[in-house]
Structures are given as C-alpha cells and as structure tokens.
Amino acid sequence: MSAEADEPKTPTFEQRLRGDGRSQERLHVSIGAICNNNCLFCMEEDRDGRYVNNSAMTLERVGWILEQHRGAEEVCFTSGEPTTREDLKDMLELATKLGYQRISMMTNGRRLASLPYAASLVKRGMKRFYVSIHGHDAKLHEGLTRTPGSFVQTVAGLDTLTQLKRFGVVVHTSTVLTDRNLPHLGEIYRFLRGHGVDQVVFNVMQANGRANTFFEQIFPTYTDIAARFRAFIEEAGKSEHEPKAFLVDIPLCTTEGIPDFNRGFVETYSHYETTQKALLEGVDAEERKPTNGLVLLTRKDVDDATRDKRAECANCKYDAQCEGVWRNYLRRRGWDEMTPVPK
Ligand code: SF4
C-alpha cells in the first residue's frame, strides 16, 4: 500500500468549489530562524523579525502547539529554512507521538542532498516534502536564489528523496513564477518530473516582502501567467494524461480555460506567531488572548490584511472560494484583468 493511500486525500477543484476542501485543518509551524538561500522574491523580507520570531519557537513551544492541534490533517514545518534547526528531529518525534498523519516541510532541499540526514527525517515520520526550485538550470535558479551552488544541492536533495520513495516519501516542488522563469514552464516541468517529482506546483508570487520591493523587475501579469500556463498544459497534455502540474495563488477569474485538474489552490492553514510579531502585523494580539507568548493566526487574517475584492466580485461564481487580489498588485495594475465569471 502506498503512503498516499494511507493519507487524507487532497480535495479536488470541484470539492473546493463546493467548500469541502476548506474544512480540513492544516497547521504550519514557523521554525527556521535563518535561511541559507536569499531569494529575490522572498516574502519574508524582514530577516531580523523572522529571526526573533522563529528563534522563539523552542522545542517546548512547538510541543505545546502540536498538543493544541492534535487531529489536524497535516503539520508542516516551514518559514526560513527548517533544516537549519538541529532540533527538527525532536519536533518530528513529538509530532509522530501525538499521532499526526501527515508531517511535511517546506524546504529549499539543499541539506537533503545528504542521504543519512534525509533518511533520519523520514525515519522520524516526515514523509512529504515541498521543495523550492525555481529553474531547470543553475543560471536561472541561482539568479533567483542569489546563492551560488544552491542548484546542484537542491537537485541532489530531490534525487535523495526519490531514492527514499520506497519508504512512502512524496515529493512536491514549488516554483515561484517570475518574468525570468515563466517562458520555461515546459523545460522546468520535464526536468523536475525527470528527477522523480510527483507534483510540480507553479506558485504565483505573493506581492509582499521582496516581491513587492522588486515588483516592477520580476512580477508577470496574471494574464500572461495564465496564457503561458494554458499553452504549456495543452502541449504537455499531448504526451501525458493529466500532467501533474498545478498553478496556484492566482485569481480564478483569470484562469478560465485551464483544465480544473491543473488549477491548484492554497490550503487553509493556521500558524502561531509571537505576540510581538502579531502586533507588528496589525493583529489585535490582546483580542486573540495570547497563550504561552504566542498568538494563533489563520490564513484569513493574512488575506484580510493584504488582499481586496471589489463590488463586482459578488457576481462571480468563484466569490466564495476566492481569497481576493493582493493590494500591492492592484496598486500597480488595477482591476482590468479580473472579470467576474458568471454564476
Ligand atoms: S471574486 Fe473577483 S477577484 Fe476573485 S475570481 Fe471572481 S472576479 Fe476574480
């Protein structure tokens, strides 16, 4: 039996439209105080703030968080680079002991180039990996990560994970779309599938942090992204039934004509921040009643603070599912690309 068969199923696009996919709780735990990449589009622009916040996620606090969310569909270790934490293995042991069914990590994958290290995580229950890779060659990837040598290590990390698939490992990748890699969707997809990746996710940039700072240099229009993805899927579909490529975090009204199978979405999740960081982000920390020095935030909190809809959205068939459009995107490009899809 495969690991997938034991795991809760990811909701389909249709289930999402009905709202079924929203009820499952995912927990994100922010633990990486630092990151050994330096991506041009990183939404975590405030490195010092992240260092303070994620350093405060001690093993004791992480244990407390895991206790609060027992029964969640998934726990994902994320923020900064989780593999820089030497106590990650202890956190995995806690999560496994508490019965979490799916334990995952968002990572640049560089440290996973070491088979003994990767195997030590898998042995402790981490079976799902979301690996960030932004190109199919060193020039493209490292131009975006601004970290020489990162490409070869990340690819070696993917190869290691592929070797560990017989232990139930599932490998997804995340490629953040910029003006530079958008023309290479097909090459990136074929390269990653050739290295054993199960699902290739193309993430549209969140217009926050550095992606906002460098917006004019790197942020493609939604219209261009959707058109190129549509053409890529059409081409890929000639040689593979339902290519395992997904376009995520783009207003659905701009993606009509892309097969539903390939229209991905960002799952609902909760995460904790220190009271200090929550206050800095404009959340009324007192109202949330901080416990253990931490405040619980949901995806909706982040969306409400940074995205908008307009009156016409009420007539769109995707209104209930749509998180809205980044204010920082609208400030530059307005609403012209977003046309409500009739119900
Ligand atoms: S609700 Fe508005 S922004 Fe969202 S998909 Fe519909 S028209 Fe686009």
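The points below are a colleague's note on a predicted model, arranged by region.

1. The main nonpolar core. The largest nonpolar core has 82 residues, and those with the most contacts inside it are Phe77, Phe129, Phe202 and Tyr222. Helix α12, which spans residues 222–236, gives the most to this core, with seven residues. Apart from this core lies another one, of five residues, among them Val201, Phe246, Val248 and Tyr269. In soluble globular proteins, nonpolar side chains tend to be buried together.

2. The surroundings of Phe129. Once its neighbours within four places in sequence are left aside, phenylalanine 129 is in contact with Met105, Leu112, Leu121, Val122 and Leu161, and also with Val169, Val170, Val171 and His172.

3. Strands β6 and β7. Strand β6 (residues 199–204) and β7 run parallel and are joined by four bridges, and valine 200 has alanine 245 of β7 as its bridge partner. Within β7 (residues 245–248), Ala245 and Leu247 point one way while Phe246 and Val248 point the other way, and all of them are buried. Two of these residues, Phe246 and Val248, are among the members of the five-residue core.

4. Helix α7 and its cover. In helix α7 (residues 138–145) the buried residues are Leu140, His141, Glu142, Leu144 and Thr145, and what covers them includes β4 (128–132), α8 (150–163) and α9 (185–194). The helix is followed by arginine 146, whose phi is positive, near 55 degrees.

5. Leucine 115. This residue is found in helix α6, which covers residues 115–123. Leaving aside its neighbours within four places in sequence, leucine 115 is in contact with Thr160, Gln163 and Leu164. Leucine 115 and leucine 161 are 46 residues apart in sequence, while their C-alpha atoms are 8.2 Å apart in space.

6. Asparagine 328. Helix α15 (residues 327–333) holds asparagine 328, which is buried, with a relative accessible area of 18%. Which backbone atom does the side chain of asparagine 328 reach? It is the backbone oxygen of alanine 207, at 2.7 Å. Beyond its neighbours within four places in sequence, asparagine 328 is in contact with Ala207, Asn208, Asn212 and Phe215.

7. The ligand. The residues that surround the ligand are Leu252, Cys253, Cys313, Cys316, Asp319, Cys322, Val325, Trp335 and Pro340. By class, this shell divides into eight nonpolar residues, no polar ones and one charged.

8. Two loop residues with positive phi. Most residues other than glycine have a negative phi, and the two described here may deserve a look on the display. Aspartate 249, in the loop between β7 and β8 (269–274), has a positive phi near 70 degrees, and this residue is buried, with a relative accessible area of 9%. Asparagine 292, in the loop between α13 (275–280) and β9 (294–298), has a positive phi near 60 degrees, and at 28% relative accessibility asparagine 292 counts as partly exposed.

Methods:
Residues numbered from 1 in each chain as written. Predicted model: local features only at pLDDT ≥ 70, side-chain atom pairs only at ≥ 80, totals over all residues. Heavy atoms only, no water. Buried < 20%, exposed > 50% of the residue type's maximum accessible area, 1.4 Å probe, protein only. Pairing = 2+ DSSP bridges. Polar contact = N/O pair within 3.5 Å; in protein donor to acceptor, adjacent residues only side chain to side chain. Contact = heavy atoms within 4.5 Å. Near = heavy atom within 4 Å. Nonpolar A, V, L, I, M, F, W, Y, C, P; charged D, E, K, R; others polar. Core = buried A, V, L, I, M, F, W, Y, C linked by side-chain atoms within 4.5 Å.
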